[in-house]
Amino acid sequence: MISAFNFPVAVWSWNAALALVCGDPVIWKRRRRTPLTALACMSLLERARERLGGVPEGLVELVVGGADRAVQLADDPRVPLVSATGSTQMGKQLAPRIASRLGRSLLELGGNNAPS
């Protein structure tokens with residue numbers, strides 16, 4: 001999942017909840033402008049994992065970096081679905097990369113709070 005700066009946790013949490021309920025791991029590439037929200041969420045998830053027990057380590061991972069990390073996720077055949085929220089420009093760059101490997105994408109692009 002690639003999240004946008006203007007909703008750093010909302011879309012991620014909706015999609016992560018669905019993935020986790022289905023037993024799928026989640027890789028979260030957060031926006032550089034919102035590091036503290038992502039770190040806080042990861043801390044909460046780790047506390048829940050420890051409290052529940054039996055939850056595999058690494059079920060949710062946080063990726064730190066810029067556009068290069070988003071491209072890495074888009075190109076990796078081990079990532080069956082890339083969910084990305086952000087600018088239309090970002091979507092136009094990622095969608096063909098994902099499609100070229102026959103991956104699936106869920107893109108929420110160019111919302112009314114997108115940066116200019």
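# Pockets, strands and a tryptophan pair

Trainee: How much space lies in the second largest pocket?

Mentor: The second largest pocket holds about 500 Å³ of space. Keep in mind that this is a predicted model.

Trainee: And which residues lie nearest the centre of that pocket?

Mentor: D24, P25, V26, P80 and L81 lie nearest the centre, out of 18 residues in the lining.

Trainee: Which elements give two or more residues to the lining of the second largest pocket?

Mentor: Helix 1, strand 1, strand 3 and strand 4 each give two or more residues to that lining.

Trainee: You mentioned V26. What is the bridge partner of V26 in strand 2?

Mentor: V60 is the bridge partner of V26 in strand 2.

Trainee: How many bridges join strand 1 to strand 2, and do the strands run parallel or antiparallel?

Mentor: Strand 1 and strand 2, the latter covering residues 60–63, run parallel and are joined by 4 bridges.

Trainee: Which helix goes with strand 1 and strand 2 in a β-α-β unit?

Mentor: Helix 2, residues 35–52, goes with strand 1 and strand 2. The β-α-β unit they make is right-handed.

Trainee: Now strand 3 and strand 4. In which sense do they pair?

Mentor: Strand 3 (residues 81–86) and strand 4 (residues 104–109) pair in the parallel sense, over 6 bridges.

Trainee: Which residues in strand 4 are the bridge partners of A84 and T85?

Mentor: A84 has L107 as its bridge partner in strand 4. For T85, the bridge partner in strand 4 is E108.

Trainee: What makes a β-α-β unit with strand 3 and strand 4?

Mentor: Helix 4, residues 88–100, makes that unit with strand 3 and strand 4, and the unit is right-handed.

Trainee: Is strand 3 largely enclosed or largely open?

Mentor: Strand 3 is largely enclosed by the rest of the structure, because 5 of its 6 residues are buried.

Trainee: What about L106: where is its place, and is it buried, exposed or partly exposed?

Mentor: L106 is in strand 4. Its relative accessibility is 45%, so L106 counts as partly exposed. The cut-offs for that class are 20% and 50%.

Trainee: How far apart are L106 and V82 in sequence and in space?

Mentor: L106 and V82 are 24 residues apart in sequence, and their C-alpha atoms are 6.3 Å apart in space.

Trainee: What about G110, where does that lie?

Mentor: G110 lies in the segment after strand 4. With a relative accessible area of 39%, G110 is partly exposed.

Trainee: What separation do the C-alpha atoms of G110 and T88 have?

Mentor: The C-alpha atoms of G110 and T88 are separated by 4.9 Å, while the two residues are 22 residues apart along the chain.

Trainee: Moving on to L102. What is its phi?

Mentor: L102 has a positive phi of about 60°, although L102 is not a glycine. Its place is the loop between helix 4 and strand 4.

Trainee: Is L102 buried or exposed there?

Mentor: L102 counts as exposed, because its relative accessibility is 78%.

Trainee: And Q89, where is that found?

Mentor: Q89 is found in helix 4. At 55% relative accessibility, Q89 also counts as exposed. From Q89 to L44 it is 32 Å in space, C-alpha to C-alpha, and 45 residues in sequence.

Trainee: Changing topic to rings. How many aromatic pairs does a search of the whole structure find?

Mentor: The search finds 1 aromatic pair. W12 and W28 form that pair, which is stacked, with 4.0 Å from centre to centre and 15° between the planes.

Trainee: Where in the chain are W12 and W28?

Mentor: W12 is in helix 1 (residues 10–21) and W28 is in strand 1 (residues 26–29). They are 16 residues apart, and the pair links distant parts of the chain.

Trainee: Are W12 and W28 buried or exposed?

Mentor: Both W12 and W28 are buried.

Trainee: What about F5, which charged end sits over its ring?

Mentor: The charged end of R33 sits over the ring of F5, 5.1 Å from the ring's centre.

Trainee: Last topic, cavities. What is the volume of the largest cavity?

Mentor: The largest cavity has a volume of about 30 Å³.

Trainee: Which residues line the largest cavity?

Mentor: The lining is made of M1, I2, S3, V11, W12, S83 and T85. Helix 1 and strand 3 are the elements that give two or more residues to that lining. W12 has come up already, as a partner of W28 in the stacked pair.

Notes: Residues are numbered from 1 along each chain as its sequence is written. This is a predicted model: local features need pLDDT of at least 70, side-chain atom pairs count only at pLDDT 80 or more; totals for chains, interfaces and linings use all residues. Side-chain values use heavy atoms; hydrogens and water are left out. Rings of Phe, Tyr and Trp (its six-membered ring) pair if their centres lie within 6.5 Å; planes under 30 degrees apart count as stacked, over 60 as edge-to-face and the rest as tilted. Buried means under 20% relative accessible area, exposed over 50%, partly exposed in between (1.4 Å probe, protein chains only). A charge sits over a ring if NZ of Lys or CZ of Arg is within 6 Å of the ring centre and within 35 degrees of the ring normal. Two strands pair if DSSP finds at least two bridges between them. A crossover is right-handed if, with the strands pointing away from the viewer, the path from the first strand over the helix to the second runs clockwise. On a 1 Å grid over the protein atoms alone, a cavity is a set of points where a 1.4 Å probe fits but cannot get out, and a pocket is an open set with protein on both sides within 12 Å along at least five of seven lines; lining residues have an atom within 4 Å of a point. Grid points are joined across faces, edges and corners, and a volume is the space filled by probe spheres set on the points.
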